[in-house]
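User: I'm new to this one, and I'd like to learn how to read it. Could you walk me through a few features?

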Amino acid sequence: MGSVGIDPGLVSRKEKPSNTKVKWPKWALAMLFLADGAGFGTWAAHVPVFKQVLNIENGSLTFVLISVIVGAIISMPVTGQLIARYGSRRVIRIVAITYVLMIGLLAQASSFLLLVLFAGLFGAAKGAFDISVNAQAMAVEEHYQRSSMSFFQGCWSAGGLLGAGAAGLMLQHQGTIRGNLSLTAGLLALCALASLPLLVNETVKPRAASKFVWPSLALLRIAILASFGLLAEGAIADWASVYLHSNIGVALPLAAAGYAAYAIAMATARFSGDWLAVHFSGKNILHGSGLLIAAGLSCTLLSHSWWPAVIGLMLAGIGVANIVPVIWSVAGRDTRMGAGPAISATATIGYCGFLTGPPIIGSLAVIVGLRTAMGVIVLAGIIVAAGPIFFPLKSS
């Protein structure tokens with residue numbers, strides 16, 4: 001029976017002597033995390049553009065985001081079982097290329113209905129890609145005998161920054177949705193093709209691959225806690241640019257730059273996450289993370305100009321940064337289920353928050369306005385901060 005809990009000792013193992021051969025899997029996987037984030041960052045930065053070009057109201061935009069949810073929730077558990085049977089390296093080969101193709105497909109959305117359909121396919125591909133790269137991250141950690149989950153999540157955030165920043169520049173220079181997303185898909189395809197042959201080929205355990213195993217109560221607890229942190233991350237990703245454009249009144253390129261500033265803060269904090277995990281307990285990391293989310297978004301929502309609003313987003317980005325690395329590392333070491341199914345189970349529940357947060361805010365925005373609706377993110381931060389007090393985070 002595997003144990004699940006937040007233990008700072010899990011990330012303090014000594015690294016094996018490195019050599020050129022050992023370094024390749026880590027950097028190849030880092031490239032895939034970067035591509036994953038860049039694709040999503042490009043999508044997030046173009047949400048307000050889709051909204052404007054297709055004349056989509058806040059309430060209708062909710063259906064687009066719900067479509068992403070449905071696709072991801074369907075694909076995640078299936079992907080976890082495929083990884084248990086075939087290994088993450090083989091699964092990534094399929095889902096990475098599929099993810100890139102779905103970004104290109106989004107570029108062809110010329111109507112609201114097509115956008116809903118293509119967003120669902122994009123969500124399914126992203127969900128599968130997320131599970132695959134995180135399972136491969138556990139294999140790479142075993143290869144190195146050293147925790148690197150925060151580093152990989154930092155690469156995802158850097159990719160989000162890169163995608164959003166590039167999108168902002170393209171929009172500023174009169175780029176179109178079709179041209180921007182098609183170019184992004186082409187570049188990410190090249191990154192994926194260069195990286196896939198270099199990944200770790202982990203050993204598949206026959207017992208893990210033979211049958212479905214329900215997650216333990218301890219795994220469910222940390223998954224629920226992750227869902228609130230991911231709710232904040234997903235809601236900021238999808239609504240920050242819209243909020244800055246609609247409520248603060250800045251131009252679309254400046255709205256995209258606001259999301260980029262948030263992504264910079266999140267990436268920087270994630271690259272320091274492995275150091276934090278050695279010096280602070282997971283419980284304390286979650287306390288601080290939740291408080292920063294709540295304080296940062298409160299600053300943003302109380303502001304009426306770009307600078308203080310973006311400073312608040314950056315504080316929230318620092319808060320969001322290390323929730324996933326802490327929890328994913330714990331889930332991936334659950335020996336009862338195995339890394340792929342355990343991360344899949346945790347991520348499926350966690351990403352319910354990531355994917356349901358944006359449409360919840362969209363629905364509330366129709367009733368109470370977007371500024372008030374985004375108070376849900378503040379509440380999520382408070383729950384993350386208080387969660388370790390009420391949820392026992394260790395169990396065997």
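Predicted model: local features only at pLDDT ≥ 70, side-chain atom pairs only at ≥ 80, totals over all residues.

User: Which residues of α12 are buried?

Analyst: The buried ones are W306, A309, V310, G312, L313, A316, G317, G319, V320 and A321.

User: How does α4 read by that kind of check, and is it mostly covered or uncovered?

Analyst: Helix α4 has 33 residues and reaches 47 Å end to end by C-alpha, close to the 48 Å expected at 1.5 Å a residue. It is mostly covered, with 24 of its 33 residues buried. Just after α4, look at Q145, which takes a positive phi of about 60°.

User: What about H143? Where does it sit?

Analyst: H143 is found in helix α4. Its relative accessibility is 33%, so H143 counts as partly exposed.

User: Now for pairs of helices. How do I read α3 against α4?

Analyst: Two packed helices are described by the angle between their axes and the distance between the axes. Here, the axes of α3 (residues 88-106) and α4 (residues 112-144) come within 8 Å and cross at roughly 150°. Angles over 145 degrees count as roughly antiparallel, so α3 is roughly antiparallel to α4. The crossing of α3 and α4 is left-handed. As for the residues of that contact, 19 are nonpolar, four are polar and two are charged.

User: How many aromatic pairs does the structure hold?

Analyst: There are 12 aromatic pairs. Take Y259 and Y262, a tilted pair with 5.7 Å from centre to centre and 45° between the planes. Both tyrosines lie in helix α9 (residues 252-271), three residues apart, about one turn of the helix.

User: Are Y259 and Y262 buried or exposed?

Analyst: Buried means under 20% relative accessible area. Y259 has 2% relative accessibility, so it counts as buried. Y262 is buried as well, with a relative accessible area of 0%.

User: Which aromatic residues do ring pairs link into a cluster?

Analyst: Look for W27, F33, F151, F152 and F271, which ring pairs link into a cluster.

Technical notes. Residues numbered from 1 in each chain as written. Heavy atoms only, no water. Axes fitted to C-alpha atoms, helices over the stretch in contact; angles between N-to-C directions. Helix = DSSP H or I, 4+ residues; strand = E, 2+ residues; numbered from the N terminus. Parallel < 35°, antiparallel > 145°, perpendicular 65-115°, else oblique. Left-handed = near helix turned anticlockwise from the far one by under 90°. Nonpolar A, V, L, I, M, F, W, Y, C, P; charged D, E, K, R; others polar. Buried < 20%, exposed > 50% of the residue type's maximum accessible area, 1.4 Å probe, protein only. Phe/Tyr/Trp six-rings, centres within 6.5 Å; stacked < 30°, edge-to-face > 60°. Expected span 1.5 Å × (residues − 1).
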